[in-house]
Amino acid sequence: SAVTLGGPQTRSEAVVIGGDAAGVPVIAGPCSVEGEREILAAAEACKAAGADALRGGAFKPRTNPYSFQGFGEDGLKMLAAARDATGLPVVTEVLTPTDVDLVSKYADCLQVGTRNSQNYKLLEACGKSDKPVLLKRGMAMTLDELLQASEYVLSGGNQDVILCERGIRTFENHTRNTLSLSAVAELHRVSHLPVVIDPSHGTGKAHLVPSMALAAAAAGCDGLAIEVHPEPAKALTDGAQSITPAVLAELMPKLKKVAEAV
Ligand code: PEP
Ligand code: MN
């Protein structure tokens, strides 16, 4: 069944993910919100390239505690300003149960990241939110565990859950993770929830993103989450896997063609 991001409530363009929605909506934007001007420029570039929604982390779950942790609530305000300017609904990560209300106030969709995918108290809190939840697969999670995690949100009363395959840990070291594209058809077989693919975290390499995005569309995914940065080399986080707006603009018509063909 379909999940809608944005709409009149936040004066953004409603984006339908899943169900009978045509095409493959793209949630695009930098890994992190890097500043007010930066997120605005990125949002405008993503919009011009044809993106449907804006992503960007204000609360960043960093492996190293000394790495950039994000701008927190200030970052949420920057995202809301970028939404006001472009009409793109905003998807952003929430890290703790106590921040769910705060992030829900600014965002059009709550992202639960791979590291928090089995944080059941966070999932329960998201179940009480009035915003859709993009639930990323844990990096060592089976599909059954992902579905059970989604039940924590659904059983709390929030029916708007989107599953996101973002790659899992394997022995392979050419890629940051191993993107499991069979997850699309398999999750569709056993679940009514929409499935979004993140080819950025799924590969860790910008040059692999377009082909994996097209493959995901061919597999029948309901949407894509793609890291896009105007200057990937200068990105504060995940620059190596971020494509430029120009690459996204080239990808969008190809995605449309593939989506029409399947
Ligand atoms: C992100 O989307 O930037 C992110 C941190 O994703 P993941 O939780 O999949 O690593
Ligand atoms: Mn990232």
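**Starting point: Asp52**

Asp52 counts as buried because 24 other C-beta atoms lie within 10 Å of its own, and the cut-off for buried is 20 or more. Keep in mind as you read that this is a predicted model.

**Around Asp52**

- You'll find Asp52 in the loop between α1 and β4.
- Setting aside neighbours within four places in sequence, Asp52 is in contact with Val15, Pro25, Val26 and Ile27.
- Leu88 sits 36 residues away from Asp52 along the chain, yet the C-alpha atoms of the two are separated by 6.3 Å.

- Strand β3 covers residues 26-29 and strand β4 covers residues 53-55; the two run parallel and are joined by 2 bridges.
- Look for Ala28, which stands opposite Leu54 in β4.

**From β4 to β5**

- β4 and β5 also pair in the parallel sense, over 2 bridges.
- Arg55 has Val91 in β5 as its bridge partner.
- To get from β4 to β5, the chain goes through helix α2 (residues 73-86), and this β-α-β crossover is right-handed.
- Which way do the β5 residues point? Val90 and Thr92 point one way from β5, Val91 and Glu93 point the other way, and all are buried.

**From β5 to β6**

- Strand β5 (residues 90-93) runs parallel to β6, and 3 bridges join them.
- Two pairs to look up here: Val91 stands opposite Cys109 in β6, and the bridge partner of Thr92 in β6 is Leu110.
- Together, β5, helix α3 (residues 100-106) and β6 make a right-handed β-α-β unit.
- Are the faces of β6 (residues 109-112) covered or open? Both are covered: Cys109 and Gln111 lie on one side, Leu110 and Val112 on the other, and all are buried.

**From β6 to β7**

- Strand β7 (residues 133-136) pairs with β6 in the parallel sense over 3 bridges.
- Val112 stands opposite Leu135 in β7.
- Between β6 and β7 the chain crosses through helix α4 (residues 120-127), in a right-handed β-α-β crossover.

**The ligand**

- Which residues surround ligand 1? They are Cys31, Gly57, Pro61, Gly113, Thr114, Arg115, Lys136, Arg166 and His201.
- Sorted by class, that shell around ligand 1 has 2 nonpolar, 4 polar and 3 charged residues.

Technical notes:
Residues are numbered from 1 along each chain as its sequence is written. Chains are lettered from A and ligands numbered from 1 in the order in which they are written. This is a predicted model: local features need pLDDT of at least 70, side-chain atom pairs count only at pLDDT 80 or more; totals for chains, interfaces and linings use all residues. A residue is buried if 20 or more other C-beta atoms lie within 10 Å of its own, exposed if 12 or fewer, and partly exposed in between; C-beta atoms are placed from the backbone. Helices (H or I, at least four residues) and strands (E, at least two) are DSSP runs, numbered from the N terminus. Two strands pair if DSSP finds at least two bridges between them. A crossover is right-handed if, with the strands pointing away from the viewer, the path from the first strand over the helix to the second runs clockwise. A residue is near a molecule or strand if its C-beta atom, placed from the backbone, lies within 6 Å of it. Ala, Val, Leu, Ile, Met, Phe, Trp, Tyr, Cys and Pro count as nonpolar, Asp, Glu, Lys and Arg as charged, and the others, Gly among them, as polar. Two residues are in contact if their C-beta atoms, placed from the backbone, lie within 7 Å.
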